[in-house]
Amino acid sequence: MSLAEPPHTMEIAQILMSLLHAWGLDPDLDRVCESKLGLLRPMVPVCFGVVSRHGHMAVQLPSCLGAWIDSFAHMPVDHMLLSSNLPPELVAQEKLTRLFSSKLHWELSTTLTTNHLLSIVALANTLMSMSNASFVPEQEVARRMHRPTTRTPSWGGDEEREEQIAAQQAHIKQGWSLLATLHCVLLPDKVVAAGAKNFKRPQVEMLARRWQHHCLEVRDAAQALLLAELARLGPKGRKALVDNWSQYLPLYTHTESINPQAAQKEPAEKIVKDPEEEFEEEEEEIVRKPSSIAELKRKQTTAVVLLGVIGAEFGQDITSEGAGNKRRKDGDSRKSSIVEGFTLSASNNLARLTALALTHLLLAPGSARLPAHTPLRRAAVDLLGRGFAVWEPYLDVSHVLLGLLEMCSDADKLVPSMTYGLPLTAQADSCRTARHALTLIATARPAAFITTMAREVARCASAPSGAPPPAAALALQRGRAEVLRGIELLIDRMHHEVAPLLVEVMDIILHCVDQSHLKSKGLNEVFPAICRYNQVSHCPATRRIAVGSHTGQLAIYELRAGRCQSLAAHTGPVTACAFSPDGRYLVSYATSDNRLSFWQTSAGMFGLGAAQTRCVKCYSTAPMADVTRLNPARLARLVWSSSRSVTLMLADGSETRFNI
């Protein structure tokens, strides 16, 4: 091909998709594939094969050619083919193709089925993410998309064409989505309905090893296929997988293995630390005793991922309220999906052992045998985030969060490569995975995330000034941007859950933001998300921040002195507080005790000594009706109309002015 010729990428993709699609299983989808997506129905039988990593080709053919021909002879007559005016030989070829593509080759090999499904799902998702990725000839697409209309005025033609383009793109994306759904979810039932008696299911082992494949499209396809297959297996099938693979799980106390079987074969650090190429190798269908150390390594890496996926997706029987062994109210329907061994009451406590292995892979320092950025380590990071509700009782949450922060500390430098669609480096991929895991943990357990970060902030603040900073402080310092991103995400998505922890949130924010910005800017400019709470007020004139807590305390941060003063202001949660414009007074209000209080801070004599804050005036307010039905975040707002007058604006629409 000369340089002047256009690239044939889309033509090659058209051929591949046409060969990989399972024709004949869904006639409606077949028509969509031909008319909307531009796929070409094969008119001759297609044989599929597998190329090994050593370059050998294995072509998969039906095991009994006579049975194949016999079944072909007894195929039902397709009236659509007879009425298509095709020559008899083409009709016969079409029937033969439908038989082979819709039923026969899905009964040959689990390896073939797995590779076939991975290929077509990954390609379908890729084409679905593109704009107008149809194989219909360009002239035909242009004619359909830009068809002129006589009912629309000339000045509205552009809008009409845009609507046609949007509708065309929506139909194309829907077609690719249906194609991916057929092969990812519906294929086993469709193949069985077509008459297949021995459908070869996808290998969960092969899919588990591609859980964090270096190609994002293959990774997404493997994850979708594995989750669909695990759900299809049901509780008994998942229980059998757990029983088969739990014997290969490398178990740890800190960094040493406590697995006697692993110790007999090879030290644990040699077994688990598996390079990328070993993690992605093929594996046999049947779980059997490993014949070599290399095979034992592959089985152990597969066991970590597979048990981690089963535990994360099907082992969550811990209630969101953290009630220990108490199950959800709909526990009868949920018990059937929980795998034995991943519960708090299980005798072998497989969740604890899996959590230890995943944590080890996250925190183990990079070495020649376990590099810092491998698919296995990324899989452990991803599964820690997905199944945090299951692993949390057995984790040191501080170590896990700090390890994730360390891994995504260079996000600002690495993440832009994802934004512009550039190939991801191994480091950028690890950073992306760690950032996603942090998001999952924060949204799954917002209280645990906030309190753990606040505890680490307090530990850093109490460290001696002359001593070298500990590793935790360095990780927190490097990951400040990610911590702030997580806090902002929680405020956006889980506003009410963050409200009881506003003091801890403010501790984290003041530690992570640049304090110099608060000298010239207000808190609503430096970190605007926190100012959505009426319990937070910032006075730039005096450089103080007041936060009303859920316990009725007022926390007053003096940014100049770098200290915090706590006052017992109310008997219940503080609803709102606000500094006066000149900063001389602070007013607080609580619906729990129906009281509004004015506070004044006075410095010591001659400016020496600690500042003292005292209540200078207190008012009783009328109780609000139906407080429980109102939005807690909008119950009340305090607005200063002058330096000595404040207006209390309640959610029921009433406004009351109070003077100091």
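Where does arginine 543 lie? It sits in the loop between strand S5 (536-539) and strand S6 (544-548). The model described here is predicted.

## Arginine 543

The backbone at arginine 543 deserves a look. Its phi is near 55°. That is a positive value in a residue other than glycine.

Is arginine 543 buried or exposed? Its relative accessible area is 12%. The cut-off for buried is under 20%, so arginine 543 counts as buried.

## Asparagine 594

Asparagine 594 is not a glycine, yet its phi is about 50°. Asparagine 594 is placed in the loop between strand S10 (585-590) and strand S11 (595-602).

## Helices H16 and H17

Next comes a helix pair. Helix H16 covers residues 350-363, and helix H17 covers residues 375-386. Their axes come within 8 Å. They cross at roughly 125°.

The crossing is left-handed.

## The H16-H17 contact

Which residues make the contact? H16 supplies Leu358, Thr359, Leu361 and Leu362. From H17 come Leu376, Arg377, Ala380, Val381, Leu383 and Leu384.

The residues of this contact divide into 8 nonpolar, 1 polar and 1 charged. Thr359 of H16 is the polar one, and Arg377 of H17 is the charged one.

How values were computed. Residues numbered from 1 in each chain as written. Predicted model: local features only at pLDDT ≥ 70, side-chain atom pairs only at ≥ 80, totals over all residues. Heavy atoms only, no water. Helix = DSSP H or I, 4+ residues; strand = E, 2+ residues; numbered from the N terminus. Buried < 20%, exposed > 50% of the residue type's maximum accessible area, 1.4 Å probe, protein only. Axes fitted to C-alpha atoms, helices over the stretch in contact; angles between N-to-C directions. Left-handed = near helix turned anticlockwise from the far one by under 90°. Contact = heavy atoms within 4.5 Å.
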